[in-house]
Amino acid sequence: NCVDDPIVEYHNSMLLDSALTANQVEHRYIQYQTGGHGFGASEEKGTPECRQWKQEFLQWIKVQELLRPASQVSKSHVKINSTVNDSTIQQ
């Protein structure tokens with residue numbers, strides 16, 4: 001999250017980080033000073049500082065071994081929610 005987010009108070013993310021830590025949930029909390037709101041994985045939104053988030057995220061999931069080829073994913077771990085469609089996804 002970014003300290004200068006005008007939409008969502010950055011302290012909310014700090015509270016989530018604290019709760020995850022207290023419950024021993026594996027995670028990584030990254031706070032940027034600048035970038036505003038909604039930069040996500042965009043190459044244009046936000047600031048150069050927050051745009052590094054995408055690479056930080058990809059590195060984290062790689063270390064967590066969450067990125068595996070589809071052929072290595074057990075079908076029992078794949079859950080598809082058929083009620084979600086493109087009209088429910090906000091970009």
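Reply: **A look at the largest pocket**

By class, the lining of the largest pocket has eight nonpolar, three polar and three charged residues. Here Ala, Val, Leu, Ile, Met, Phe, Trp, Tyr, Cys and Pro count as nonpolar, Asp, Glu, Lys and Arg as charged, and the others, Gly among them, as polar. Before going on: this is a predicted model, where local features need pLDDT of at least 70, side-chain atom pairs count only at pLDDT 80 or more, and totals for chains, interfaces and linings use all residues. Residues are numbered from 1 along each chain as its sequence is written, and side-chain values use heavy atoms, with hydrogens and water left out.

So what's a pocket? On a 1 Å grid over the protein atoms alone, with a 1.4 Å probe, a pocket is an open set of points with protein on both sides within 12 Å along at least five of seven lines, and lining residues have an atom within 4 Å of a point. This one is lined by 14 residues, and Asn1, Arg28, Tyr29, Ile30 and Trp53 lie nearest its centre. The elements giving two or more residues to that lining are α1 (11-22) and α3 (53-63); helices are DSSP runs (H or I, at least four residues), numbered from the N terminus.

Now stay with Trp53. At 29% relative accessibility, Trp53 counts as partly exposed, and so does Phe57, at 36% (the class between buried, under 20%, and exposed, over 50%, with a 1.4 Å probe and protein chains only). These two sit four residues apart in helix α3, about one helical turn.
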